[in-house]
Amino acid sequence: MNLSDFTHSPYIAGLSGGLLIGIAAALFVLLNGRIAGISGILGGLLQADKGDKLWRVMFLLGMAAAPYVYQIATDLPAATIEAGTVQLIIAGLMVGLGTSYASGCTSGHGVCGISRGSMRSIVATLTFMMAGFITVYLTRHLIGL
């Protein structure tokens, strides 16, 4: 592999995306003193004090607007969802349940917690990842969905 292959490959997109997420999470904690865990931000919106809602709404709106801003620069990649509606609902409920049990989601634990050296976040992220690996193996290779 030469340098040309690297610069015209998904490696740059992955590296750039990872850097942007890391910088955003670091800035969020430095400027607001809060962890950029999406489940906590969304869950807190549902029970937040009036003065605590605006930043949560703006954060979530910024996340929702990001693909549209990106689309100004280039075409969005095609997205293919192979799961049916029932599978997506079950998956969403399972993610919500896991997030509740783990006291946080992949962004809170995986991005912010690991970077802070939190052992709880390391264990939670390893658990998320293993559950994902096992689920894919079972559904794709044993069950054949």
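Tutor: Let's start with a term: a nonpolar core is a set of buried Ala, Val, Leu, Ile, Met, Phe, Trp, Tyr and Cys residues joined through side-chain atoms within 4.5 Å. Buried means under 20% relative accessible area, exposed over 50%, and partly exposed in between (1.4 Å probe, protein chains only). This is a predicted model, where local features need pLDDT of at least 70 and side-chain atom pairs count only at pLDDT 80 or more, while totals for chains, interfaces and linings use all residues. Residues are numbered from 1 along each chain as its sequence is written, and side-chain values use heavy atoms, with hydrogens and water left out.

Student: Which residues make up the largest nonpolar core?

Tutor: Five of them: Ala 25, Phe 28, Ala 36, Ile 41 and Cys 112.

Student: Why is Ala 24 called partly exposed?

Tutor: Its relative accessibility is 44%. That lies between the 20% and 50% cut-offs, so partly exposed is the label.

Student: What makes Asp 52 and Arg 34 a salt bridge?

Tutor: The term asks for a side-chain nitrogen of Lys or Arg within 4 Å of a carboxyl oxygen of Asp or Glu. Here the closest N and O atoms are 3.4 Å apart, so the pair counts. Asp 52 also forms a salt bridge with Arg 56, at 2.9 Å.

Student: Is Asp 52 buried or exposed?

Tutor: Buried: its relative accessible area is 17%, which is under 20%. Arg 34, at 34%, is partly exposed.
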